[in-house]
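Good morning, and thank you for coming. Today I would like to walk through one structure, element by element. Please have the sequence and the model open as I speak.

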Amino acid sequence: MDSIIVTGGTPLKGRIQIAGAKNAALTLMPVTLLSEEPLTLTNAPRLSDIKTMSSLLGSLGTEVTSMQGGKVIALSSHGLTSTHADYEIVRKMRASNLVLGPLLAREGQAEVSLPGGCAIGARPMDLHISALEALGAEIELRDGYLHAVARKGLRGAVIKFRFASVGATENALMAATLAKGTTVIENAAREPEIVDLASCLRKMGAQIDGDGTSRIEIQGVDRLGGATHQVVTDRIELGTYMLAPVIAGGEVECIGGRMSLVQAFADKLQAAGVTIEETADGLKVRRNGDRPRAVDVTTEPFPGFPTDLQAQMMAMLCTAEGTSVLEEKIFENRFMHAPELVRMGANIEVHGGVATVHGVKRLKGAPVMATDLRASVSLILAGLAAEGQTRVNRVYHLDRGYEHVEEKLGAVGAKIERVKEQ
Ligand code: EPZ
């Protein structure tokens, strides 16, 4: 297993290319199951989660070809051989549950292992299940698997979500494209990854309106064609690298970044005294003065402040001037990075879903443990501001969602290297 060692104290300077979005690619890849025609995804991120989704789709009979060093993925599902998503793959990556809707719509049946909980929360699938049942599926949990059938095919329905779940919206949206009649999803998630999904499906002949709003309407069609689709920029990777010069000092331009992808997050950075300039190629970020100002943050569904940037924001607030209150409203256990930051000299109190961060002048390098994807990168960011060396262990979490982090940060001057764990 690898570790990453960061030596702090060097201001950053340069440009970082932002990749395609992991959370868009993970819902775009299962789209292939809805059609017999080829689907090509460009600007694909090169991540271990993408490899996991490729092996899952391969186990169902999809031909998956990776080209141009993984930046282009060609998918063809003209003949599926299975509708069984095995626990051995699903347990590695929850997003595997995004094959449920497409398989049901295409094959009228699916057996998908229930992913179980993860470090950040219980993460049940009740909203996915109730949405697909509304579309006419019968779903039963047996031996840890969801057994779903739609004997007469799926039919349009009105789906009202009690919570704007990203995954449940994606599963329902994909399934509804081939359902008979009209489907309306109310209180749908509005994330850019869902807009990207809808735009790809429309290229294949789907009839979808309202994506990006909380009311999506889908007219079912008999079949979908093929398409070539460019994966949207990764707004979470973008936010992560926008924070690097705020924490370490200096100035970084994030290539491919757009303000509309990160508005709520950018508003908080500007309130903390950070300058964000929109350039021809992206977003240029620099801190003013030695330390940012403290700001309060509450995570919410898009267009609110993203939960996937909460840990990274906490790393920034550790050395801010003043006290910040961070409220995590999406996941019930997403402060695992706090005790690790405290090991680096941060002053943080956590009570349930609220963390109070009292800014300190300087962090100190220490060996720390990554617990999940976003927690791991927040520790690397904190290491950029710390005195001495920070060693982040178990970085396999990181490789699930960040491509070549040490190269990207190294290219703008960070002292960072990947080593084998002792
Ligand atoms: C997606 O997860 C992202 N993952 C997550 O990113 C992200 O944190 C999350 O959306 C919120 O933005 C992918 O896109 C692959 P949800 P998802 O359904 O779809 C509860 C990262 O770091 N809920 O919107 O699983 C759930 O427990 C990852 O890249 C139910 O109660 O998120 C959670 O508390 C982490 N029942 C909340 O809703 C359900 O049926 C949000 O979950 C579904 C969800």
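I shall begin with the sheets, turn next to the helices, and end with some individual residues.

Please keep in mind throughout that this is a predicted model.

Let us take the sheet that contains strand S15. Four strands form this open sheet, in the order S2-S15-S17-S16, and their pairing is mixed. Which strands are found at the edges? They are strand S2, residues 12-17, and strand S16, residues 274-278, each of which pairs on one side only. From one strand to the next, the twist averages 15°.

Within this sheet, strand S15, residues 250-255, and strand S17, residues 282-287, run antiparallel and are joined by five bridges. If you wish to find this pairing on the screen, look for valine 252, which stands opposite valine 285 in S17.

Helix H8, residues 235-248, lies across S2, S15, S16 and S17 and runs at about 25° to S17. Please remember H8, as I shall return to it.

Another open sheet also has four strands, here in the order S4-S5-S3-S14, with mixed pairing. Strand S4, residues 63-67, and strand S14, residues 227-230, stand at its edges with a single partner strand each, so one side of each has no neighbour in the sheet. Neighbouring strands here are turned against each other by 15° on average, direction ignored.

Strand S3, residues 39-42, and strand S5, residues 72-76, run antiparallel in this sheet, and three bridges join them. Threonine 40 stands opposite alanine 74 in S5. Helix H7, residues 192-203, lies across S3 and S14, and its direction makes an angle of about 160° with S14.

I now move to the strands around S21. Strand S19, residues 323-327, pairs with S21 in the antiparallel sense over five bridges, and serine 324 stands opposite valine 357 in S21. Strand S20, residues 347-351, also runs antiparallel to S21, and five bridges join the two. Here histidine 351 stands opposite valine 354 in S21. S20 and S21 form a hairpin with two residues between them, and glycine 352 in the turn has a positive phi of about 60°.

Next, the helices. Two packed helices are described by the angle between their axes and the distance between the axes.

Let us apply this to H8, the helix that lies across S2, S15, S16 and S17. H8 and H10 pack at an angle of about 5°, with their axes 10 Å apart. The two helices are therefore roughly parallel to each other. Which residues make the contact? Ile236, Thr240, Leu243, Val246 and Ile247 in H8 meet Gln312, Met313, Ala315 and Met316 in H10. By type, the residues of this contact divide into seven nonpolar, two polar and no charged.

H10 packs against a further helix. The axes of helix H10, residues 310-317, and helix H12, residues 373-385, come within 8 Å and cross at roughly 20°. That angle makes H10 roughly parallel to H12. The crossing in which H10 passes H12 is right-handed. From H10, Ala311, Gln312 and Ala315 meet Arg374, Ala375, Val377, Ser378, Leu381 and Ala382 in H12. The residues of the contact of H10 with H12 comprise six nonpolar, two polar and one charged.

Let me turn to charged side chains. The count of salt bridges comes to 27. One of them is between glutamate 387 and arginine 362, whose side chains meet at 3.7 Å, N to O. Glutamate 387 lies in strand S24, residues 386-387, and arginine 362 in the loop between strand S21, 354-358, and strand S22, 363-364, so the pair ties together parts that are 25 residues apart in sequence.

Finally, some points of backbone geometry. Most residues other than glycine have a negative phi, and most peptide bonds are trans. Arginine 123 is placed in the loop between strand S7, residues 109-113, and helix H5, residues 126-134. As for peptide bonds, a cis bond joins phenylalanine 302 and proline 303, with omega about 10°. Proline 303 is found in the loop between strand S18, residues 297-298, and H10.

That concludes the presentation, and I thank you for your attention.

Definitions and conventions. Residues numbered from 1 in each chain as written. Predicted model: local features only at pLDDT ≥ 70, side-chain atom pairs only at ≥ 80, totals over all residues. Heavy atoms only, no water. Pairing = 2+ DSSP bridges. Axes fitted to C-alpha atoms, helices over the stretch in contact; angles between N-to-C directions. Contact = heavy atoms within 4.5 Å. Parallel < 35°, antiparallel > 145°, perpendicular 65-115°, else oblique. Left-handed = near helix turned anticlockwise from the far one by under 90°. Nonpolar A, V, L, I, M, F, W, Y, C, P; charged D, E, K, R; others polar. Salt bridge = Lys/Arg side-chain N within 4 Å of Asp/Glu carboxyl O.
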